[in-house]
Structures are given as structure tokens and as C-alpha cells.
Amino acid sequence: MPTSDYDPACLPDLLPLYYRRLFPFSQYYRWLSYGGVSKNYFQNREFSFTLKDDIYVRYQSFTTQNELEKEMQKMVPYKVDIGAVYSHRPSQHNAVKSGSFQALEKELVFDIDMTDYDDVRRCCSAADICSKCWTLMIIAIRILDRALREDFGFHHLLWVYSGRRGVHCWVCDDAARKLSVAARSAVAEYLSLVKGGEETLRKVVLSDPIHPFINHSLSVVERYFQQYAIVEQDILGSKESVDKVLALLLTTHIKKDLTIYYQDEKNPMKRWDRLCALVEHKKSSIKKGGQYFDKEIMLQYCYPRLDVNVSKGVNHLLKSPFSVHPKTGRISVPIDLKELNTFDPFEVPTISLICEELERPRADEAEEDDVKDKENEQEAGERRRIRDYKRTSLAKYVKVFDRFLEAMARSWKGEMLKKSGERC
């Protein structure tokens, strides 16, 4: 099979190999155990599996890493979702007294899907993405990551590519996992700026003075806006797209001036500069609520669009990191924020690629059969201890996950030292 090709029909053959030799179970278990934060934390976690032919199995739970491995290798899920930590083992929920089976904790999660930007992107629509509109995901991560760290004080954020057209964020701090539904809703609402459905024309309305959070967000958007929106999306390049932008301006005289100016000036960048200049020039005469038209347009076209319901519910399930997307075959991998600007969703390995890489003989394994000296035996032993995923394109993404887990472990160690110091 060519490395670039993925055939969904091959998934039943590839998944058993993936779960047997490539899925990073050790790190996965370490993550969801949180350093043994409480006795039954992992055991009371809900997993759901989507099996072949869209068979959906909820309330799966496992006592140990080994049990999880064996069940995933046996059931071979096409998709894995992670849910809440419950008061009782999810697999025994039917045996628990009615009303006592409660979702207690879960990571604060965010789901950003490219389809929610369909009204403002011209390059693609629906499930399709390209390098142009992927910029929207970069902007979203930069805005939300800063806000969650600096405005809310969270430290342990795991950003994950969904495998097709979006990104997920898992906020894993102890305080985040314990948030109530009301608190999760408050965080989600704080971060939500683009509001209203298809019938709503102006989805971003700013008030004076602009909130510091919005100013921070604008500073991110401004870094990308002209290249992304004006050049690549060409939002001022055609009559249809120009009309769409002008419809966001409630001030008639600015609309009129721009319509006249745009008849002669066809350069999209100059068109945008003129819009900004007019808004700035006529700020004093614009009624309250209209002096930020240019900023509202920028935010409407670029600000992250959150599925708030995913973030609000404690018992809401979200696709697991390292799950395989059945349609694209791509692995749902952690994103290294240090390399965010160069992250390319089309370079994320498919299950077919990594399985092929696993079976490919390596140069350092091409030893003569009759070489039996002690040194070579020792080398062979070392090679056997190398995890299989390190031989594939999945390795660098597992490394990102490792670094995330190490940072959390340092935090747990610090907390333990602090508590022991307080007891002394």
C-alpha cells in the first residue's frame, strides 16, 4: 500500500495491529490516572467505543491498564471517546441504585470544528479543510491557550488534532477537573464572542471600553488577518463577498463611501485599509456601538467558534487522543504548541502509513544470521526493548504527549512536597 494512501476498507485489518503494537497504552493510562489522585479514579472513568457498522457501546470501564489493552484489542473500536469519572464504575451503572450514579469530574474540554466557520471561509466548506483555512485553528489555539493560562491560571493543556477538520483542548488541572457545570458554563461563555445562528448578520458586537481579554484576542487576530482574510480568503475581492462585509456596517454613510471607493479601487488590501481609515475618521460621529466596526469584522471572520455544549457538560464525551479517524485514517495526535505555525494536518500520519512503517525492515536490523557474538546479542536485546511506535511517524507525537505528562508529574510532585511541608 503506498504510504500516502488510506483505504477505509482496510481499517478492520489495520486496527488490530495498531492496538496491539502502536497505541501508547502506558502513557494513556498514566494520563488518566493522574498520579493515583484517588483510589478508583481510573476505574470509574467512562469510555465509549464506536465499533464497525456504527455500533455504539457506552459505559465501558477498566480496572487496570492491562484490562483496557485487552478489551480494546478484543473489541477493536473504530473510535474511542472519553467521558467523566463517575461515583461508581460505569460498567456497573445498571446495578447502582437509581439517582446515585453521578458524573463527578472531568477535564474541562473544548471542541473547535471547522464546519462552524462555513459562513466566513471561501476556500472550503463542510468537512473539507485546506492549508488556507487551517489558519483559523492556529488563531483559535493561540487565543484560547493564552486565556486559559493567563486569565484562569490553568497550566496543563493538551491540544489535540481531531484527525479531520478540527482541534480539541483538554484542560487537565485538578481545579479544572473539579469544576461544576455552572463554572464550566461561565468559562465557556467568557471565551465565546461569536454569537447567533445563520439568521444573525452581526455575530460580534463590541462595547466600549473593549474588555482586556478581547484586546488580547485582537492582538492575535491582527497578526494573521490581512494575509489570511484579505489575501487568502479574499473577503473583499468579489461583489458578493464585499456585500457580505459591508452588511456588517450599520452606518449608512460609511457604506456609501466604501461602495463608491470600491468601484475604482480593486486592490483588496487597499479596500481594507480604506474601510479601517473611514471607521477611525468617523468614530466621533458614529453612534455608540459602531466605533469598532473594523475590529468586529476581524473577530467575526477569525475568532474561535466554540461548541459551548461540549464544554458545559461534565458527562459529555469527547474523542480520545490517539483514536483513529475512520474516514481519513489520520491519528488524533497531540499538537506541539512550539511548532504550531508549522503544524500541517495533512502531514499527520495515517494508520496505514504507521502500520506500513512498522513492517518495514530497518537498516540496523539487517544483520547476518550467522553473527552470534555477544555484542550483537546485546544490541538485539536493546532493540527489542524499543517500543514499536518509535519506528514510525507516530513517535514525535507520542513524545509531545510524554512532555505533557512529565510537566503534570512535576506539578504533582511539587504539590506533594508543599503538603508535606505544611504538615511539618
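Helix axes are lines fitted to C-alpha atoms over the stretch in contact, and the angles between them run from 0 to 180 degrees between N-to-C directions. The views below show a predicted model.

**View A. Packing of helices H7 and H11.** Helix H7, formed by residues 212-232, packs with helix H11, formed by residues 293-302, at an angle of about 75°. The axes of the two helices lie 9 Å apart. Because angles of 65 to 115 degrees count as roughly perpendicular, H7 is described as roughly perpendicular to H11. On the H7 side, the contact is made by Ile214, Leu218, Val221, Glu222, Phe225 and Tyr228. On the H11 side, Lys295, Met298, Leu299, Tyr301 and Cys302 take part. By class, the residues of this contact comprise nine nonpolar and two charged residues, with no polar ones.

View B. The structure holds one cavity of 30 Å³ or more. The volume of the largest cavity is about 30 Å³. Its lining consists of Arg202, Val204, Leu248, Phe293, Glu296, Ile297 and Gln300. Four residues of this lining are nonpolar, one is polar and two are charged. Phe293, one of the lining residues, falls within the 293-302 range of helix H11.

**View C. Helix H2 and the residue that follows.** Helix H2 spans residues 25-33. Its buried residues are Phe25, Gln27, Tyr28, Trp31, Leu32 and Ser33. Tyr34 follows H2 and has a positive phi, near 50°.

Methods:
Residues are numbered from 1 along each chain as its sequence is written. This is a predicted model: local features need pLDDT of at least 70, side-chain atom pairs count only at pLDDT 80 or more; totals for chains, interfaces and linings use all residues. Side-chain values use heavy atoms; hydrogens and water are left out. On a 1 Å grid over the protein atoms alone, a cavity is a set of points where a 1.4 Å probe fits but cannot get out, and a pocket is an open set with protein on both sides within 12 Å along at least five of seven lines; lining residues have an atom within 4 Å of a point. Grid points are joined across faces, edges and corners, and a volume is the space filled by probe spheres set on the points. Ala, Val, Leu, Ile, Met, Phe, Trp, Tyr, Cys and Pro count as nonpolar, Asp, Glu, Lys and Arg as charged, and the others, Gly among them, as polar. Buried means under 20% relative accessible area, exposed over 50%, partly exposed in between (1.4 Å probe, protein chains only). Helices (H or I, at least four residues) and strands (E, at least two) are DSSP runs, numbered from the N terminus. Angles under 35 degrees count as roughly parallel, over 145 as roughly antiparallel, 65 to 115 as roughly perpendicular and the rest as oblique. Contact means heavy atoms within 4.5 Å.
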